[in-house]
Amino acid sequence: MEGGTTAPGTELPLVVRDLRVEYGEKVAVRELSLEVRPGEVYGLLGSNGAGKSSTMRCVVGLIRPKHGSVQVFGFDPGLDPVLVKQRVGYVPETPLLFDALTPWEFLEFIANVRGLGVDWATQRALGYADALQVRAELNQPIATLSMGTKQKFLLIAAFLHQPRLLVLDEPFNNLDPRSVRIMKELIGQYVQDGRRGVLFSTHTMEVAQQLCHRVGILDHGVLKGEGDVATLRANLARGDATLEEIFLRLTDEEEGVRAAVRSLGGG
Amino acid sequence: MSWTLARRLAERGYRELTFQAIYAYRQGNLASTVASEQLVARARRRVLESKVLVAGVFGVISLGSILILSPSVEHVFGGGMPRGLYVGAVVSALLLLDLVLLWWMGLQVLPTFLASGIGSCFETLPVDPTTLDRAALIMFLRLFDVPAGTMLILTPLAIGIALGSPIAALALVPAVLTVIVFALLFSLKASQFFVERVQGSGGGGQRTAARWAFLVAWSVPAFSIYGFLALSGDFLGWLSGLANQGSLGALYAVFTVFPMSFAMLPVYAAGLPIIGVNATDVYGPVVAIAASVAYLALFVAAAGWLAQAPRRLYLTTMPASVNATGASIAFVRRSRPMAVLVKDLRIASRTPPFALLVILPLLDALAVGVFTFVSTPVSRDVFRVGVAAVSTAALLATFFGPAFFAIEVIGYSYTRALPVAPRSLLVGKVLLVACVYLAAAGVVLALTAARLFSPALFAAFAAAELPAIVAAAMVEFGILIRRSERKGLQVVNLYASAWSAMLVAIPGLFIAGAPFVVFNLLSGATNWVALEAMALTSLIALSLALQFFIRIERPRGAA
């Protein structure tokens with residue numbers, strides 16, 4: 001449903017080049033480069049504070065990088081913020097919304113600022129609300145909802161306009177297993193038309209392994225490894241490694257984990 | 001049970017509270033890229049600046065009373081009434097203003113207190129309930145420390161100076177303490193009511209109407225400022241009449257009413273007469289003291305209630321009604337600016353500080369309208385009433401308008417990812433201010449129609465000023481939008497970055513005020529010519545503001 005034109009010759013949903021994000025003296029992301037290709041779910045993995053959320057905020061234009069570039073279907077979020085935001089559906093890490101609105105009022109606002117047809121948007125919103133079992137909460141103020149329910153409405157808002165790029169920052173936080181399953185299926189189907197892309201961050205290696213076509217492993221703002229699981233296994237010369245083992249090896253945390261368990265194990 | 005531990009907890013809590021008051025991360029504001037240590041220090045400084053600013057307003061009011069109690073001003077307003085009675089009336093007004101302003105500040109501040117979430121953090125600690133009560137109380141009192149402290153020192157001092165009596169100053173101290181405690185009590189009670197009945201209220205037309213009705217009811221104190229100011233002349237005249245008639249019984253009855261009872265204490269302490277020489281005031285001091293003692297008993301009870309109320313407030317849960325949404329519901333199609341406008345009104349309907357921004361100009365219009373009914377002699381000069389009505393509505397809408405921008409802070413870390421161009425945002429906010437102004441003008445028009453039936457003239461005044469209102473709002477919000485793009489969004493209210501709100505309102509007030517200045521300059525000639533000149537000035541202001549609007553960048557893809 002999103003409109004607008006695509007810059008000629010740039011069909012990639014997302015291209016990030018040499019991205020650097022700083023908070024005062026702290027460097028959150030160091031010269032990061034990655035691409036999300038059409039029809040791909042790209043998983044950004046990393047420990048807490050690895051720079052995943054900062055990267056995603058740059059992609060949707062919430063913060064400006066110190067240097068480097070971001071292109072969403074050829075458009076720069078800094079130069080063409082509206083064109084980028086029309087093409088993106090975003091779920092932030094924390095569901096902090098308009099507490100004083102009801103989800104229905106919130107979704108109506110989203111539909112209006114995105115210029116969606118009201119009948120079409122109403123049907124989509126109700127369909128998602130039924131699927132995620134939150135229809136009864138549509139008329140309650142968001143302040144009174146649980147974190148999981150708020151997260152569901154954020155997901156509905158992100159999917160509402162059928163964006164060409166989904167940027168999902170820990171989207172399954174607080175969700176019940178049923179909803180996680182539904183969303184995993186939906187995200188998998190979402191890119192099957194071969195035009196859309198998904199940038200996805202998670203701490204859960206199982207989810208990443210099931211859902212992502214490729215993953216990038218971030219550690220202290222640096223991309224330590226990238227590719228599909230088979231490629232990463234091959235690079236590490238460990239054909240049977242799980243994604244969790246690959247992650248720990250690439251972030252040099254294997255020994256750290258063992259040491260932590262040893263020191264705390266007796267306690 | 002430990003006051004030391006409570007103070008330590010409150011110190012930590014207050015630091016978080018000031019941080020959230022300015023940066024509102026728990027309300028979804030976008031995280032700053034500035035180092036966090038700088039942010040914490042900056043937040044404390046800005047909150048302190050805002051408190052000093054509000055304290056300055058209290059100071060001006062208190063010290064202004066010295067001028068109002070001077071013989072030359074008394075000669076103008078007192079109308080020959082006994083000095084004691086005049087002083088009592090002025091001190092009453094002063095106490096009432098202090099009460100209302102502190103209550104109003106409380107309504108602005110307490111949502112920040114609740115949104116900081118600090119209370120729920122303390123509840124998980126292994127600390128006894130009494131210490132938690134005390135910590136919450138200390139944090140709560142720190143919200144008001146500088147303004148309330150200023151009031152406590154300057155109000156008695158000013159009255160003492162005006163009356164040349166240190167004893168009169170001391171006699172007023174219990175009154176100011178009572179005013180402070182009552183104001184805090186009303187703020188807490190109102191906030192508790194909002195949490196229980198307003199903020200958790202679901203969607204739908206009936207519920208929205210009920211919420212606005214509650215909000216209007218709780219805004220009456222603010223209305224009482226205008227009511228009191230509008231009726232003060234009549235009140236003084238009435239008191240003067242009682243004194244001249246020697247109606248001591250009626251005067252004693254007035255002395256039992258809060259805050260008049262307290263206001264009479266410095267009068268009697270300074271030995272000022274309340275009645276002409278032909279009568280003797282024997283029981284006045286007894287009545288005033290007895291009534292004051294009764295109010296002091298209420299003060300003690302209120303103070304006891306206050307000791308536990310702040311913690312009770314943040315433990316209050318918001319009730320949620322489960323109402324299955326039927327299949328017939330459908331989104332309503334709106335343009336982007338209208339979507340912003342409706343969103344703001346919906347948020348205001350569940351958020352008292354924002355609701356007040358809508359309600360105050362309307363209540364003010366109501367006061368002006370009612371004033372035309374009660375004023376004596378009746379002003380038959382329709383132009384004069386028209387200017388008064390339209391100018392107050394215009395200036396209030398322009399002054400409070402910028403505070404609507406603070407709504408954008410809520411959920412900003414999400415909403416900034418939406419394709420809303422700055423121009424759409426600006427047009428939405430300007431529409432909101434214009435709607436508030438037109439509604440206020442409509443209230444005056446409706447009320448005055450019964451007394452001074454001249455709808456065409458009132459409509460002409462409202463229409464003549466409208467372009468200037470739009471221009472003023474355009475400039476104010478334009479400045480705020482540009483500033484937010486450079487420095488990030490900030491909460492702006494009486495407690496947080498109040499300077500920003502004041503500064504940005506100054507150009508707006510000049511623009512909105514210019515047409516009235518032109519009208520007043522030319523009204524000596526012909527009123528209709530002056531009105532035409534007013535409209536022309538207003539249109540010029542709009543055309544200049546449009547130049548500013550055009551310079552706001554329109555991103556590609558923006559509708």
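## Confidence

Chain A has an average pLDDT of 87, and 94% of its residues score at least 70. pLDDT is the predictor's confidence in each residue, from 0 to 100. This is a predicted model: local features need pLDDT of at least 70, side-chain atom pairs count only at pLDDT 80 or more, and totals for chains, interfaces and linings use all residues. Residues are numbered from 1 along each chain as its sequence is written, chains are lettered from A and ligands numbered from 1 in the order in which they are written, and side-chain values use heavy atoms, with hydrogens and water left out.

Within chain A, helix α8 (residues 229-236) has the lowest confidence, at a mean of 78. Strand β6 (residues 165-169) of chain A has the highest, at 95. Helices (H or I, at least four residues) and strands (E, at least two) are DSSP runs, numbered from the N terminus. Over residues 1-9 of chain A, pLDDT stays under 50. The model has 23 contacts beyond four places in sequence for that stretch; contact means heavy atoms within 4.5 Å. Where pLDDT is low, the predicted coordinates should not be read in detail.

## A sheet in chain A

Three strands of chain A form an open, antiparallel sheet, in the order β2-β1-β4. The edge strands are β2 (26-36) and β4 (67-72) of chain A, each pairing on one side only. The twist averages 25° from one strand to the next. Strands pair if DSSP finds at least two bridges between them. Strand β1 (residues 14-23) of chain A is joined to β2(A) by seven bridges. A:Leu14 has A:Val36 in β2(A) as its bridge partner.

Strand β1 of chain A also holds A:Asp18. Phi of A:Asp18 is near 50°, a positive value in a residue other than glycine. Helix α1 (residues 52-59) of chain A lies across β1, β2 and β4 of chain A. Helix α1 runs at about 120° to β1(A). Axes are lines fitted to C-alpha atoms, for helices over the stretch in contact; angles run from 0 to 180 degrees between N-to-C directions.

## Chain B

Chain B is assigned domain 1 (36-112 + 141-316) and domain 2 (336-551), with bounds from an automatic or database domain assignment. Their centres, taken over C-alpha atoms, are 29 Å apart.

B:Phe258 and B:Pro259 are joined by a cis peptide bond, with omega about 0°. B:Pro259 sits in the loop between α10 (248-255) and α11 (260-269) of chain B.

## The interface

In the interface, 54 residues of chain B contact 50 residues of chain A. The buried area is about 4700 Å², with carbon and sulfur atoms giving 63%. Buried area is the accessible area (1.4 Å probe) that two parts lose on being put together, summed over both.

Four salt bridges cross between chain B and chain A (a side-chain nitrogen of Lys or Arg within 4 Å of a carboxyl oxygen of Asp or Glu). A:Glu108 and B:Arg346 form a salt bridge at 2.8 Å, N to O.
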